[in-house]
Amino acid sequence: MPSKKSIVFSLFTLFIPNSLFPQSWLTTTGSENEARIQRNIALSGKLPATFSPEIRPWFADNAAAWLETLPIDSSNRYAVYDRRWLLNENAPGLRTNDAKNDAKTWFSRFWSPNPARFAESDNGRVYATVNPGLDLSLGLSRYEELPLFVNHRMVEFKGHIAGKLGFYSRVDETQLRGARHEQTFYNQWQVLPGAHLIKPYQTRGYDFMTATGYITYAPIPEIRLQFGQDRNFLGNGMRSLLLSDFAPAYPFLKIHTRVGRFDYVNLYARLTDRYTRLINPWQHALLPAKYYAMHYLAFAISPQWRMGLFEAVMFHDNNNTGKGFDIAYLNPVILYRAIEHQRGDPDKMTVGLNTQYLLAPGVELYGQFLLNEFRFKDLIHRTGSHANKYGYQAGLRLASDRPLPGFELQTEINRIRPYTYAHYTISGTYPVNSYSHQNQPLAHPMGANLSEWLLQAGFAPLPRFHTGLMAQYTFYGADSAGSNWGGNIFLDYHTYERKTGNVIGQGVGTKLLNINAWLSYELRHSLNISLEARMRRLRSDLPVRNSTDAYLGLSLRYNLPRNYWHY
């Protein structure tokens, strides 16, 4: 009988063809590029024909192909500038015909005429480009007597071979001294958002490195595959209740099938349980693995309306038998819930839906619904059962280039009931199957038991100037010593405080307000100098937890996104 490894390898190699179709790299989740594309989707009033807005990141060549089809107001300086910026950023190869390959010096041969590329080479079969990244930030805060700083460097290498095999590799190195709440986050979880192994640096500073990399290819035009290590995001909002990019990158295989108006995505990932280090901080052993399988089916009901159904399962080696990835979940077209029932309900199931509707050019509505578990009788009678674990999102995006160029306003609400995303202890001392990776949530950064309102607005008074504001107000229920009111997704949900009468915000009531404002100028493509101001105010039913912090600083960023206080 063949081993599981040989079966998995055989299934994987079925997708490797003798002849592949054009490939490229993908956009970066949370980047300025993605934000600009989302704004243009709302402006257009129609869904893109070449990619799915909620399934992020997107293939850059698909984004560029869609941008090429959009009409443009040539009398609007910002619209012209924005379109050129996006096409330069997402073009899968050289965007200008020049004689640089005939140049006499090595440097001039590889120096890119595209402002979105630092250096590139294209010999007709292999295209490759190298880009550096930099974030130098320095500022003062109310709580920290020492200056806060960020020294983030990045280099990425990407391209494609004969337009058939895409590749991407990136390394980031960061040293920073964070605000008081960022230090608190590290002290509680021994990680920082988006990072894993953290080393101390100078006084109350941190040093860490991250890396991502993947290859892409397609056996037929309708199927594109990605294998490597990166992050994923599912949704149209600032947050995602289904799958977000808050946690660090993880190894995965993604299969994206697109046929007509249908999109079908399979994602298989290997995640890491780091919670064991909080329980046994001196244990220097291999961190336990857990696994994730997800599929998402979306349909374009009309040129303006999309709807998608989501199902995911989190599982691990419950009995220490070394089973690894359960091969049953590799089936790309089966209901995971049925498989989980067959195995005795040991795994963490999540289902949900995502929707997007373009009401008119410049007006977009979107939303999500997430369900972990519910009891219909308790739901109908509104008993507030601990077993009813669900959340929902509703959002609005407005965009326009007249009278304010580059104008965008986005507002969003998120509500998540207590004990959502949590699981129960199967073996050991804590629930490994929580919806998390490296001690960080895979969905909402603040876990569950919360109600949140977000606002983001901005415009460009001149093409290279941009000013904006981002605000977050979150009401959530925190725990006191030894309690479990449903906000901490790493606790066993069987240790609930009460069986019924559970409501959002129960426990130690806490109100969090974050405000971020900025004024930036783009010196060249993706090279920005910014003046930034932030304020964070927390008010708790336990006055000892109250705090108010403020920050004022300058930053120089090249090919890296702006930092926010958002948790």
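The model is predicted: local features need pLDDT of at least 70, side-chain atom pairs count only at pLDDT 80 or more, and totals for chains, interfaces and linings use all residues. Residues are numbered from 1 along each chain as its sequence is written, and side-chain values use heavy atoms, with hydrogens and water left out.

**Overall make-up**

- The chain has nine helices and 24 strands; helices (H or I, at least four residues) and strands (E, at least two) are DSSP runs, numbered from the N terminus.
- Of its 567 residues, 55% count as buried, where buried means under 20% relative accessible area, exposed over 50% and partly exposed in between (1.4 Å probe, protein chains only).
- Among contacts (heavy atoms within 4.5 Å) with a separation of 6 or more, 65% come from residues 24 or more positions apart.

**Nonpolar cores**

- A nonpolar core is a set of buried Ala, Val, Leu, Ile, Met, Phe, Trp, Tyr and Cys residues joined through side-chain atoms within 4.5 Å.
- The largest such core has 43 residues, and L243, Y292, F310, Y421 and Y435 have the most contacts inside it.
- Two or more residues of this core come from each of α6 (180-189), β10 (250-259), β11 (262-272), β12 (289-302), β13 (305-316), β21 (465-478) and β22 (508-524).
- Another core, of 15 residues, lies apart from it and includes Y217, I223, L253 and F315.
- Leaving aside residues up to four places away in sequence, L243 touches N232, F233, L234, Y250, L267, Y292, M294, Y435 and L442.
- In soluble globular proteins, nonpolar side chains tend to be buried together.

**Packing of α3 with α4**

- Helix α3 (residues 60-69) packs on helix α4 (residues 77-90) at an angle of about 150°, with the axes 8 Å apart; axes are lines fitted to C-alpha atoms, for helices over the stretch in contact, and angles run from 0 to 180 degrees between N-to-C directions.
- The two helices are therefore roughly antiparallel, given that angles under 35 degrees count as roughly parallel, over 145 as roughly antiparallel, 65 to 115 as roughly perpendicular and the rest as oblique.
- The crossing of α3 and α4 is left-handed, that is, the near helix is turned anticlockwise from the far one by less than a right angle (clockwise would be right-handed).
- A60, D61, A63, A64, L67 and E68 of α3 make the contact with R83, L86, L87 and N90 of α4.

**Packing of α2 with α4**

- Helix α2 (residues 32-44) and α4 pack at an angle of about 130°, their axes 11 Å apart, which makes α2 oblique to α4.
- This crossing, too, is left-handed.
- From α2, the residues E32, N33, R36, I37, R39 and N40 meet Y78, Y81, D82, R83, W85, L86, E89 and N90 of α4.

**Backbone exceptions**

- Most residues other than glycine have a negative phi, and most peptide bonds are trans.
- The bond from R56 to P57 is cis, with omega near 5°, and P57 sits in the loop between β1 (55-56) and α3.
- R402 and P403 are also joined by a cis peptide bond, with omega about 0°; P403 is in the loop between β16 (389-400) and β17 (407-416).
- Y421 has a positive phi, near 75°, and lies in the loop between β17 and β18 (436-437).
- Y421 is buried, at a relative accessible area of 2%.
- N439 has a positive phi of about 65° and is placed in the loop between β18 and β19 (440-441).
- N439 counts as buried at 3% relative accessibility.
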